Amino acid sequence: MTPQERAFQERIDRNEKIEPKEWMPDGYRKTLIRQMGQHAHSEIVGQLPEGNWITRAPTLERKAILLAKVQDEAGHGLYLYSAAETLGVSRDELLEKLHNGSMKYSSIFNYPTLTWADIGAVGWLVDGAAIMNQVPLQRTSYGPYSRAMIRICKEESFHQRQGYDIMMKMAAGTPEQKAMAQDALNRFWYPSLMMFGPSDKDSVHSTQSMAWRIKMNTNDELRQKFVDQTVPQAKYLGLTVPDDKLVWNEEKGGHDFSEPDWNEFFAVIAGNGPCNAERLGARVKAWEDGAWFRDGLMAHAEKSAARQGALAAE
Amino acid sequence: MTPQERAFQERIDRNEKIEPKEWMPDGYRKTLIRQMGQHAHSEIVGQLPEGNWITRAPTLERKAILLAKVQDEAGHGLYLYSAAETLGVSRDELLEKLHNGSMKYSSIFNYPTLTWADIGAVGWLVDGAAIMNQVPLQRTSYGPYSRAMIRICKEESFHQRQGYDIMMKMAAGTPEQKAMAQDALNRFWYPSLMMFGPSDKDSVHSTQSMAWRIKMNTNDELRQKFVDQTVPQAKYLGLTVPDDKLVWNEEKGGHDFSEPDWNEFFAVIAGNGPCNAERLGARVKAWEDGAWFRDGLMAHAEKSAARQGALAAE
Amino acid sequence: MSTAATAVDQAAFFEWLQRVGDNALILGHRVSEWCGHAPALEEDIAISNTALDLIGQTQLWLGLAAEVEGKGRSADNLAFLRDAGAFRNVLLVERPNGDFGRTLMRQFLFDAYHMELLRALQGSSDPRVAEIAAKAAKEVAYHLERSADLIVRLGDGTAESHDRMQQALTELWPYTGELFADDATDQAVADAGIAPLPSSLKAGWDKVLRHVMAEATLTIPEASWQHKGGKTGVHTEHLGFLLAEMQFLQRAYPGATW
Amino acid sequence: MSTAATAVDQAAFFEWLQRVGDNALILGHRVSEWCGHAPALEEDIAISNTALDLIGQTQLWLGLAAEVEGKGRSADNLAFLRDAGAFRNVLLVERPNGDFGRTLMRQFLFDAYHMELLRALQGSSDPRVAEIAAKAAKEVAYHLERSADLIVRLGDGTAESHDRMQQALTELWPYTGELFADDATDQAVADAGIAPLPSSLKAGWDKVLRHVMAEATLTIPEASWQHKGGKTGVHTEHLGFLLAEMQFLQRAYPGATW
């Protein structure tokens, strides 16, 4: 470690925030760009599975709540792209990498939303797992990222409550509704557990990221916390977590539970999930179909600037 | 009239059929091309309003019947384009004229099909009026046209019965269904009367067309016949024809009835109907989207022919 | 005022409230189809916001409609359990989205009308109407500001954006006349001081239109023929498909609570 | 055979009949979306004919399914009153149409499987199954002849038609594996001699596929990962929209006769 690197690490260890114009190691910058970019991409790709039910929401109120939620996700994308831009990478560069497949988004969004209960399950489980990841990141070392996470977390916990509210209505509803709720839990349980990533034992990057306070907890810690929080919520709903091995372990003060199928996890990351092609395809199509629109606005801005210039020169 | 023209007219007067390779006046050929082309176009544009309900047909049987019917219309289009081709105009030339707006199709297809009862009304009223026009044309002077009409009429009367059958089910169904049936009759009654065209008193072409046996009856005759046939059918359904002035006239042995709004008729012909832009747009889109397909088949045929030639030359 | 006369007024009032509410519902639905698919993140947020406002307004207008009808139906009942023939929105708002330019043009044409309407409705003789209008007017002022601004920028942008916007205007033009056509229902609510006659809003709309289109370098079509039917329940073929999708859950699971 | 065993068999038989019937229904529905919009009149007629055959087969298969279920439901009840999770078609047939080439590729991939299946089913231990299969096989032989012919002509046509067909094949390929995946239901009906195991049809399908693709100058993808879920009711997001449209009238007007 160079003296400069050591000084940097010491600032982090003192819980100081690193700000955009300050010196930082290349690796720190690169890791942050990757992490924040993926997070931003996840927000905008994450609009799609829920957006899939906006036109079929069952009541006006549910439609409004869902619209507001998906809109919030776009907003989170905006915060995060802006925060990433402070590291010297433009939103368009990041989007280009999303579109050409060289940057990823959270694999959970490659699963389909098949019933209205899935909208509940996404809010309850997927947002629940996301919050579990994000809450500690409010204390992350990079200032703009930390501040973005603070804004995001406020909204996400609201989303999670809305998701749980849908699940409550479904679980307490007609037998068909309750069956949909159970089915949604069955399909989203393991993908939600996968959201924390494989065990950190298998990851080389984790140690450095934790030292830099870009990553605040191990994947396994967070997964355990998520299971312990979620199991009683499922019980309250009268739903069954699809895991025979799930049991309270008094000794460790947490649940024992089955690992998700990590082969599936790696397959979905590699592109082989139920909706990978469609999710990315939808984003690329939106971007390509919108080119004329963005070009039009740009041309107008240039014309306006030229007119202003001409005026000023008179 | 030249001697050749006189001889031609005498053949027609003797009820002889004119066949493709035989001499005919230019006007006869042109009028036939226009009439048969318009008729062919009407068949394929006529697929659209009914096609609009194929994916929403209420039972498997209704779906099958409707599919078969719309398919028949495509078949009728095929017969008629083929018959027109015997006059030296290709199907592609005729389609080009449809697509660029220089040839028309029956204005009735510019009205929307808004409920399932409309599918009944189209069969009952629109096919009913079409048959009224077409039955006499089985005896038209041009051989290929006459033979096409014979095939078409057989199928059309079947379609009309199917349409009436839908109306019977709707009229005898729930109050909502009966209301849909009445509403469909309300919307399709006058447009159906318009299908016979304005009174022949106002048409210069009619006299010549009737002499050539391209047109067999006056528009007013056919309209009267249609009304007289349809009114008792409506009564049997328990539906009310939307015409206060409709009354049986013992003296003339037919109904007195209100004229349709001819301003609307001319407006719709001029392009100002509820669905003109969409009907033509759908045809043009199908044609343009299919260009690569037709080109592919053509290229393959050429390759195959070349390979055959090479083989033969060996 | 006799009881019979009041009864007639209530029926017209109910009819009129459905028109206002259905315009908000159907346009809100159409616009919501863009959520997640708009050409830029800022647009995605803005258009979702428009959808959200319109669905919120739908709840208020159809809620009042249901109250005026007095048959125990709710706003949701009206939204999810009427078939197309019972909808009273103008044809303009049910037009398919087309490209983003078409969507914006439809929005501008409607926003400019909507603003005129809501401005007038704030002086309604019915305080419930005036109150909803006051709330909605704040939102719609923003919709109009935004759609007008984008029309100008895209109209006076590239050749392609100009052409697309001109085509959108030309294609949607014949659907604008219905906004300003008066009928007996309009007359009845106007006589009661509840709402302005649609025709009375035309001059204000024209002025905004001419101003925006001039800045956008777009040509207002001369075609005078206009579609109609939506206000009396005779819609385009598009509405049925929209409703089949929108109403699926309520239709498939009658009586369930969501 | 004990009564309990028979009951289990009937449940598997019902499940299997829904798979066969739903494949015909959903593919027939998709194909019917082209009616009036195909790239040439002859194609319009041919594809409508395919849709018609498939809807006819649906009536027979779902009719038998309803009979086997024995709960008083009809083929129409099954088609129009089940929600997506109760549908048992493979994911391949619910894929959106795409361009006409995509539609034809989907059709060919299914036809070649369908032909193998129906050939085997004519020897079914259940005479009702054998009878339906015999009727359907005549129709499907023609579907396959036609789709294979068009695949060849378009694959070996222009550069554009070749590319479109190759892209269609590549995109649909991961949806073919489900056709040949066996599960307990398949095993139960196979054990009863009612139907072949799906996996047993693969060799015949491969042969037809290789032959046609070679003539069409198209490359069979090597990707081995395959989607699944349709046979057990876990569909793509597309099916819900298809059903919302298809089932609208039966849902909106419950109990009406059409």
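# Notebook: chain contacts and helix packing

**Chain C against chain A.** I began with this pair and found that 48 residues of chain C are in contact with 47 residues of chain A. I note at once that the model is a predicted one, and I read every value below with that in mind. Between them, chain C and chain A bury about 4100 Å², and 69% of that area falls on carbon and sulfur atoms. I then looked up which residues of chain C supply the area, and I found that Pro39(C), Leu41(C) and Trp258(C) account for 18% of what chain C buries against chain A, more than any other three residues. For charged pairs across this interface, the count is 3 salt bridges. The one I wrote down joins Arg307(A) to Asp156(C), with the closest N and O atoms 2.9 Å apart.

**Chain C against chain B.** I turned next to the other partner of chain C that I had listed, where 12 residues of chain C are in contact with 16 residues of chain B. The two chains bury about 970 Å² between them, of which 53% is on carbon and sulfur atoms. On the chain C side, Trp225(C), Glu237(C) and Phe241(C) lose the most area to chain B, and together they make up 58% of what that side buries. Which residue of chain B does Glu237(C) pair with in a salt bridge? I found Arg279(B), with the closest N and O atoms 2.6 Å apart, and I recorded that the rule finds 2 salt bridges across the interface of chain C and chain B.

**Salt bridges over the whole structure.** A search over all chains gave me 70 salt bridges. From these I looked up Glu278(A) with Arg95(D), whose closest N and O atoms are 3.2 Å apart. Glu278(A) sits in helix α12 (residues 276–289) of chain A, whereas Arg95(D) sits in the loop between α4 (91–94) and α5 of chain D, so the pair joins two chains.

**α5 and α12 in chain A.** The contact is made by Asp92(A), Leu95(A), Leu98(A) and His99(A) from α5(A), and by Leu280(A), Arg283(A), Val284(A) and Trp287(A) from α12(A).

**α2 and α5 in chain B.** In chain B I looked up helix α2 (residues 26–45) and helix α5 (residues 91–99), which pack at an angle of about 70° with their axes 10 Å apart. Are these two helices oblique or roughly perpendicular to each other? Angles from 65 to 115 degrees count as roughly perpendicular, and α2(B) and α5(B) are therefore placed in that class. Ile33(B), Gly37(B), His41(B), Ile44(B) and Val45(B) of α2(B) meet Leu94(B), Leu95(B) and Leu98(B) of α5(B), and the residues of this contact divide into 6 nonpolar, 2 polar and no charged.

**α5 and α7 in chain D.** My last entry concerns helix α5 (residues 100–121) and helix α7 (residues 159–172) of chain D, which pack at about 50° with their axes 9 Å apart. The two helices are therefore oblique to each other, and α5(D) passes α7(D) in a right-handed crossing. On the α5(D) side I listed Gly101(D), Arg102(D), Met105(D), Arg106(D) and Leu109(D), which meet Met165(D), Ala168(D), Leu169(D), Glu171(D) and Leu172(D) of α7(D). The class count that I noted for this contact of α5(D) with α7(D) is 6 nonpolar, 1 polar and 3 charged residues.

Technical notes: Residues are numbered from 1 along each chain as its sequence is written. Chains are lettered from A and ligands numbered from 1 in the order in which they are written. This is a predicted model: local features need pLDDT of at least 70, side-chain atom pairs count only at pLDDT 80 or more; totals for chains, interfaces and linings use all residues. Side-chain values use heavy atoms; hydrogens and water are left out. Axes are lines fitted to C-alpha atoms, for helices over the stretch in contact, and angles run from 0 to 180 degrees between N-to-C directions. Helices (H or I, at least four residues) and strands (E, at least two) are DSSP runs, numbered from the N terminus. Angles under 35 degrees count as roughly parallel, over 145 as roughly antiparallel, 65 to 115 as roughly perpendicular and the rest as oblique. A crossing is left-handed if the near helix is turned anticlockwise from the far one by less than a right angle, and right-handed if clockwise. Contact means heavy atoms within 4.5 Å. Ala, Val, Leu, Ile, Met, Phe, Trp, Tyr, Cys and Pro count as nonpolar, Asp, Glu, Lys and Arg as charged, and the others, Gly among them, as polar. Buried area is the accessible area (1.4 Å probe) that two parts lose on being put together, summed over both. A salt bridge is a side-chain nitrogen of Lys or Arg within 4 Å of a carboxyl oxygen of Asp or Glu.
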